[in-house]
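Hi,

Here is the model I promised to pass on.

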Amino acid sequence: MTDCIFCKIIKGDIPCSKVYEDEDFLAFLDIGPVNKGHTLIIPKEHHETLLDTPDYIMERIGPIIRKVAAAVKSVTGADGLNVMQSNNASAGQIVPHLHFHLIPRFQKDGFKHWPQGQYKEGEMEEYRTKIAKLL
Ligand code: AMP
Ligand code: ZN
C-alpha cells in the first residue's frame with residue numbers, strides 16, 4: 001500500500017534497523033522502544049489488522065515470532081518478554097499494517113498492564129455463549 005510506512009520500509013524507501021528478513025516477513029527495531037531491543041515483526045504483504053490477515057500468513061508467523069523473541073530476550077538479558085499486537089485505532093494501533101511487538105521486560109521497568117474490570121452476575125456466561133456460538 002503506497003502510503004503505508006511499513007510498506008515503505010519493506011520496499012526500502014525508508015530505512016529500518018533490520019534484525020531478520022525472509023521472503024515474506026521482516027523484523028526490525030521499534031524506533032520508540034519501551035525498552036531497548038523492542039522489535040516489530042511484520043508480514044511483507046499489507047494487511048491492516050489480525051482479523052484481515054489470511055491464515056497462510058498467520059500459520060507461518062508464529063515460529064518467526066518465537067525465534068526473534070528468543071534472540072531479543074537473550075541479547076537484552078531481559079527477565080521477561082511481552083508479545084503485543086493492536087487492532088484499530090481504538091485499541092491503540094497507530095500503524096495500520098499488521099505488526100507484532102516483542103518487548104523485552106525487566107523487573108520494575110514501569111511498563112503498565114491493563115486495569116482489570118469485572119462482570120455483573122450472569123454477564124460472563126452471556127459473553128461466553130455469544131462468542132462460542134461464532135466459533
Ligand atoms: P502500534 O501502536 O502498535 O501501531 O505501534 C506502531 C509502532 O511502530 C510504534 O511503537 C512506533 O514506535 C513504531 N514505528 C513507527 N514508525 C517506525 C519506523 N519508521 N521505524 C521503526 N518503528 C516505527
Ligand atoms: Zn503496509
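A word on terms before the details: I call a residue buried under 20% relative accessible area, exposed over 50%, and partly exposed in between (1.4 Å probe, protein chains only). Please keep in mind that this is a predicted model, where local features need pLDDT of at least 70 and side-chain atom pairs count only at pLDDT 80 or more, while totals for chains, interfaces and linings use all residues. Residues are numbered from 1 along each chain as its sequence is written, chains are lettered from A and ligands numbered from 1 in the order in which they are written, and side-chain values use heavy atoms, with hydrogens and water left out.

Now the zinc ion (ligand 2). Its protein donors (N, O and S atoms within 2.8 Å of the metal, or 3.2 Å for Na, K and Ca; water is not among the atoms, so sites may look incomplete) are Cys4 (SG), Cys7 (SG), His46 (ND1) and His97 (ND1), at 2.0 to 2.3 Å. The site is tetrahedral, with angles of 104 to 117° among the 4 donor atoms; four donors get that label if all angles lie between 85 and 135 degrees. Along the sequence the spacing reads C-x2-C-x38-H-x50-H. Cys4 sits in the segment before α1 (5–11) and His97 in the loop between β4 (80–84) and β5 (100–105), so this pair ties together parts that are 93 residues apart in sequence. Helices (H or I, at least four residues) and strands (E, at least two) are DSSP runs, numbered from the N terminus. Cys4 is buried at 4%, and so is His97 at 0%.

Next, salt bridges, meaning a side-chain nitrogen of Lys or Arg within 4 Å of a carboxyl oxygen of Asp or Glu. The structure has 7. One of them joins Glu21 and Lys44 (2.8 Å, N to O). That pair links distant parts of the chain, 23 residues apart: Glu21 is in strand β1 (residues 18–21), and Lys44 is in the loop between β3 (39–43) and α2 (55–76). Glu21 is partly exposed at 37%, as is Lys44 at 23%. Lys18, Glu21 and Lys44 are linked in a network of salt bridges.

Helix α3 has some too. Arg128 and Glu125 meet at 2.8 Å, N to O, and lie 3 residues apart in α3, about one turn of the helix. Arg128 is partly exposed at 48%, and Glu125 likewise at 44%.

Cheers

Notes:
Four donors count as tetrahedral if all angles lie between 85 and 135 degrees; four count as square planar and six as octahedral if opposite donors are over 155 degrees apart and all others between 65 and 115; anything else is irregular.
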